[in-house]
Amino acid sequence: MKTIADNITLIKERINKAANGREVKLIAVTKTFSAECVKEALLCEIADIAESKIQEALPKFEVLSGKLQNIKKHFIGHLQSNKAKKAVLNFDLIQSLDSIGLAKDINRHAADINKVQHCLIELKVSNEETKTGADEEKVSEIYEYCKTNCRNILIDGIMTIAPYFDDKEQVRPYFKKAFNVFTNLQKKYKDTNFKILSMGMSDDFEIAIQEGANMVRVGTAIFGERIYDKQEILR
C-alpha cells in the first residue's frame, strides 16, 4: 500500500515530466483530510496547502498551529462575502475571487489589518451550473477594478476548474481556453505580478501542465479517498 510520501514522490515525478523543464508549483489540497495526513505531507517538502471551507480549515489550522509557520495557505472554494474577513485573516492566497462585490469586501478587510491580500481571479471555462467563476469579459472587469480601486489586493493570475470527463483528453480544450485568456491578459496589462495560471487537479493535472498551468491543485492523488467526518478531519 502506497503512503502519502510515496504518492507525493510519484506526483512530483509526473509533474516534472509533463512540465518539460518549466517550474510548476504543487498545491496539496488538504480539504476533508485529517491534520495527521497534513503533517505527513509537510514532511515531504510540501510548502503549499489548500482548503475550500473556512469552517473546516480554521479548526484544522489551530490543531496544526506551529507546523504551518512557513507553509503558504490557499483558499480555493467559493468564497461568500460574509466569510471574506476570515479568509483574509487566515489565507495567503485566495484563488477564487469571482466578482467585484467580493473584491470590495476582501479589500476592505485587508485594509483593516494593513495587509496586501494576494488573489487569483477564478475563470469559468464551462457552462456547468455547479461551477463558479467569472467569464472572460468579467475577469478583465474584475482585474481592472482591483487595479484601480483596491490598494490592498494584488492579482497574481487566474484559476480555473475544468469539467470532469472519463476520457481525459476531452478536458484539453478547456485548459487551452484558460491559457489563452491568461496570456491575453498578460499581454494586455503587462503586469509582472500577473503570472500564476492555477489549473489541473488529481485526474487531469498532467494535461493542464501540458497546456500551460504553472500551479496544480492535487488532493486525492496524494491522500486517497476523501473523509467527510468532521472529527476525523481534526485528528
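1. Asp-48 counts as buried because its relative accessibility is 4% (buried is under 20% relative accessible area, exposed over 50%, partly exposed in between, with a 1.4 Å probe and protein chains only). Its side chain meets that of Lys-25 in a salt bridge, 3.5 Å from N to O (the cut-off: a side-chain nitrogen of Lys or Arg within 4 Å of a carboxyl oxygen of Asp or Glu). This pair ties together distant parts of the chain, 23 residues apart: Lys-25 belongs to strand β1 (residues 25–29) and Asp-48 to strand β2 (residues 48–51). Helices (H or I, at least four residues) and strands (E, at least two) are DSSP runs, numbered from the N terminus. Lys-25 counts as partly exposed because its relative accessibility is 36%.

2. Before you go further, bear in mind that this is a predicted model: local features need pLDDT of at least 70, side-chain atom pairs count only at pLDDT 80 or more, and totals for chains, interfaces and linings use all residues. Residues are numbered from 1 along each chain as its sequence is written, and side-chain values use heavy atoms, with hydrogens and water left out.

3. The whole structure has 12 salt bridges. One of them joins Lys-60 to Glu-51, with 2.8 Å between the closest N and O atoms, and both residues are buried.

4. Have a look at helix α6 (residues 136–149) too, where Lys-138 and Glu-141 sit three residues apart, about one turn of the helix. They form a salt bridge, closest N and O atoms 3.2 Å apart. Lys-138 is partly exposed at 42% relative accessible area, and Glu-141 also counts as partly exposed, at 30% relative accessibility.

5. There's a salt-bridge network as well, linking Glu-169, Arg-172, Lys-176 and Glu-211.

6. On to the rings: the structure holds seven aromatic pairs (rings of Phe, Tyr and Trp, the last by its six-membered ring, pair if their centres lie within 6.5 Å; planes under 30 degrees apart are stacked, over 60 edge-to-face, the rest tilted). Ring pairs join Tyr-143, Phe-182, Tyr-189 and Phe-194 into a cluster.

7. The charged end of Lys-73 sits over the Phe-61 ring, 5.6 Å from its centre (the criterion: NZ of Lys or CZ of Arg within 6 Å of the ring centre and within 35 degrees of the ring normal).

8. Last, Asp-105 in helix α5 (residues 100–112) counts as buried, at 15% relative accessibility. Leaving out residues up to four places away in sequence, Asp-105 touches Ser-81 and Ala-84 (contact means heavy atoms within 4.5 Å).
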